[in-house]
Amino acid sequence: MRISTAQMFHQNINSVTNKQSQTSKIIEQLSTGKRVNTAGDDPVAAAGIGNLNQQNAVVDQFLKNIDYAKNRLSITESKLGSASTLASSARENVLRAVNGTLTDSDRQTIADELRGTLDELMAIANSKDESGNYLFGGFNTGTQPFTLDASGNAIYHGDSGVRETVVASGTTIGANIPGDKAFMNAANGLGDYSVNYLASQTGEFSVESAKVTNPATHTPDTFTFTMNGNDLEVRDSSNAVVTTVPAFDPSNPVSFNGMEVKLDGKPAAGDSFTLEHKPEVSLIDTISSAIALIEDPNKVNTPAGKSELAQMLNNIDSGMNQLDVARGEAGNSLKSLDSYAATHEEEKIVNNSALSMLEDLDYAEAITQLEQQQQALNAASSVFTKVGTVSLFDYI
């Protein structure tokens with residue numbers, strides 16, 4: 001068989017080129033530390049590597065979501081803790097104001113302290129996160145959630161929205177506590193109704209509780225209680241008599257309209273008060289009302305004033321419980337976020353271990369292969385050089 005000079009030249013060129021290509025491939029692997037740099041290096045391994053990298057990208061996004069939610073909830077939990085401390089301080093001051101031996105100056109001092117507490121509480125309720133968004137505005141993060149009207153009542157400009165954060169496939173966790181849930185919607189300390197005491201009250205009494213016991217037969221309304229001699233008369237908002245209790249005994253609750261009212265102490269003849277349906281109260285409103293009452297020297301030390309302060313203490317207690325519940329919810333969410341973060345970190349460790357097995361380079365083996373390929377390349381180059389210079393004239 002005849003072998004032409006061109007064919008021999010072509011074969012030698014291909015041999016050198018292949019050796020150079022294989023050598024370059026090993027050098028690239030050594031520089032990247034990866035055995036598989038392209039799908040052509042190992043198609044099966046490349047497919048697995050792509051899937052694992054995609055899984056890690058999803059896990060990284062979950063971890064970013066968790067970090068963001070943890071930052072917001074950590075600030076929220078801290079703010080609610082501070083609010084609870086302020087509410088406790090407010091309760092102590094309201095309790096001090098009940099003391100009948102205090103002078104007007106003493107009570108004004110207490111009112112000033114309460115006003116400072118209220119200002120701090122409002123500042124907490126209007127707190128922002130690191131991005132400048134309001135923490136307690138629900139979905140409405142760009143508008144200040146709480147303001148006070150001319151009467152000192154809180155107005156909530158936010159909503160009840162809970163911003164859900166995706167922390168795992170098909171799983172979300174709330175990353176905020178709405179302001180109405182934390183500061184506004186505390187359960188009424190008396191039950192389902194609030195009391196309006198009249199300044200004309202002379203008897204030493206207060207409403208201990210006013211609760212709906214049978215919702216099926218209850219119709220919300222405003223009810224007026226009046227002591228006619230020894231009898232207690234109850235009228236609704238249309239002035240119709242709802243019930244009359246002859247020879248009223250305060251140790252027995254008054255039951256009507258699917259509700260039950262308990263009194264602590266007995267009203268004097270002619271005393272009257274009203275019950276207004278109000279199952280939820282605002283901690284901010286309660287403190288604001290306490291300030292107004294304590295600053296009114298004509299009312300604070302009267303039987304009606306003392307009864308109102310007693311009701312306010314109950315409502316502050318309820319507001320503190322509401323803050324604790326909201327803080328507990330934030331704490332539980334933080335605990336869940338930590339758990340999901342730990343799970344994702346473990347998942348990344350497993351994925352990275354699998355990635356290492358598929359794509360990481362065995363340096364010792366690669367260096368050995370590189371030396372072999374370099375020797376083969378040198379040999380092929382040497383042979384090509386010698387063969388390429390031989391001609392027929394060398395044998396003549």
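This is a predicted model: local features need pLDDT of at least 70, side-chain atom pairs count only at pLDDT 80 or more; totals for chains, interfaces and linings use all residues.
Visitor: Is Ala-247 buried or exposed, and why?

Guide: The backbone of Ala-247 has a phi near 45 degrees, a positive value in a residue other than glycine. Exposed means over 50% relative accessible area, and Ala-247 has 56% relative accessibility, so this residue counts as exposed.

Visitor: Which strands are the edge strands of the open sheet of three strands?

Guide: The sheet has the order β7-β12-β11, with antiparallel pairing. An edge strand here pairs on one side only, and this holds for β7 (206-212) and β11 (254-256).

Visitor: Over how many bridges do β7 and β12 pair?

Guide: Strand β12 comprises residues 259-264, and its pairing with β7 is in the antiparallel sense. One of the contacts joins Val-212 to its bridge partner Met-259 in β12. The number of bridges over which β7 and β12 pair is six.

Visitor: What relative accessibility does Asn-257 have, and how does it count?

Guide: Asn-257 lies in the loop between β11 and β12, and its phi is positive, at about 50 degrees, although the residue is not a glycine. Buried would require under 20% and exposed over 50%, so Asn-257 counts as partly exposed, with a relative accessibility of 21%.

How values were computed:
Residues are numbered from 1 along each chain as its sequence is written. Side-chain values use heavy atoms; hydrogens and water are left out. Two strands pair if DSSP finds at least two bridges between them. Helices (H or I, at least four residues) and strands (E, at least two) are DSSP runs, numbered from the N terminus. Buried means under 20% relative accessible area, exposed over 50%, partly exposed in between (1.4 Å probe, protein chains only).
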